Amino acid sequence: MTALDADSSSGTLPPAPASGPSASGNGSTASLVRLDGPWTHRDVAANGARFHIAELGEGPLVLLLHGFPQFWWTWRHQMTALADAGYRAVAMDLRGVGGSDRTPRGYDPANLALDITGVVRSLGEPDAALVGHDLGGYLAWTAAAMRPKLVRRLVVSSMPHPRRWRAAMLSDFAQTRAGSYVWGFQRPWVPERQLVADDAALTGRLIREWSGPRQPEDKDVDTYRRVIQIPSTAHCSIEPYRWMVRSMARPDGLQFNRRMKAPVRVPTLHLHGALDPVMRTRSAAGSGEYVDAPYRWRLFDGLGHFPHEEDPAAFSTELVSWLQDPEQDR
């Protein structure tokens, strides 16, 4: 049982936070999201919305896509490693998160994938290597299938191919139980309030519970707790998961599932933590059947759901060495 289930099982609604980031917004939001570092921050327009990005380095574009419940800053270690290796590292905030626009709709994976490929074009690049974790990985898989000409290489962490994720959630009881937070997100409004209640204590607990033995530092967890309290962020973060479940029997969901039969035709690196408690190794493994190109599977022993933060050196080494390997493009 996840912390989200534990909080909801009593039937009582946790109180909304007494304080948090101001809805008056741009100034206070920017101070929370545009964290200092060797990178630069700016906004780009794509797919009818505005997206915040952090960028560092020069060279071929590597676009980094965060997962739940995080924002661009989760890639801080990989950005410096990629820049040092001769790449243009760009980490974007997904729609509705961090410093990007919080639109009233547009949280289905097809549209979110168009956000990603739109950012590639707005950056003036012909293509990009996409690196996605968790939800960002789901969208990276989607973008590679939908817009293959804009994806040079694909790297996915802690997320199976969308068709495999769907099958596991529907037919594998162990994965259904491990991903119970997704089912909990289907309730209206309650999950959002739980995520931000008590200074976003639940958000912090989820990050700790989903990590392996190498636990995150308090200051890092506090950063995620502060950012998810930006007004509407919790709601927008949950909306993609609501679409994934509620659309399963709807025409749009069935059409998306059929569309994802198209094989990924770019070299793909699939990374996973062996101790991931919410995305089982058995669920992620085998996604290579949807890749009609060189495919490499790498399992990190002793790591949980956030391998890029739990052991950033090992993750970055694997990532950079694979990106630099010319054999994958032959």
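Student: What should I keep in mind about the model?
Tutor: Residues are numbered from 1 along each chain as its sequence is written, and side-chain values use heavy atoms, with hydrogens and water left out. As the model is predicted, local features need pLDDT of at least 70 and side-chain atom pairs count only at pLDDT 80 or more, while totals for chains, interfaces and linings use all residues.

Student: What makes strand β3 (residues 61-65) largely enclosed?
Tutor: Buried means under 20% relative accessible area, with exposed over 50% and partly exposed in between (1.4 Å probe, protein chains only). In β3, 5 of the 5 residues are buried, so the strand is largely enclosed by the rest of the structure.

Student: How do you know that both faces of β3 are covered?
Tutor: In a regular strand the side chains alternate between the two faces of the sheet. Leu61, Leu63 and Leu65 on one side are buried, and so are Val62 and Leu64 on the other.

Student: Why do we say that β3 and β4 pair?
Tutor: Pairing asks that DSSP find at least two bridges between two strands. β3 and β4 (residues 88-92) have 5 bridges, in the parallel sense, so they pair. Among the partners, Leu61 is bridged to Arg88.

Student: How many bridges join β3 to β5 (residues 128-133)?
Tutor: There are 4, and these strands run parallel. Leu65 stands opposite Gly132 there.

Key. Helices (H or I, at least four residues) and strands (E, at least two) are DSSP runs, numbered from the N terminus.
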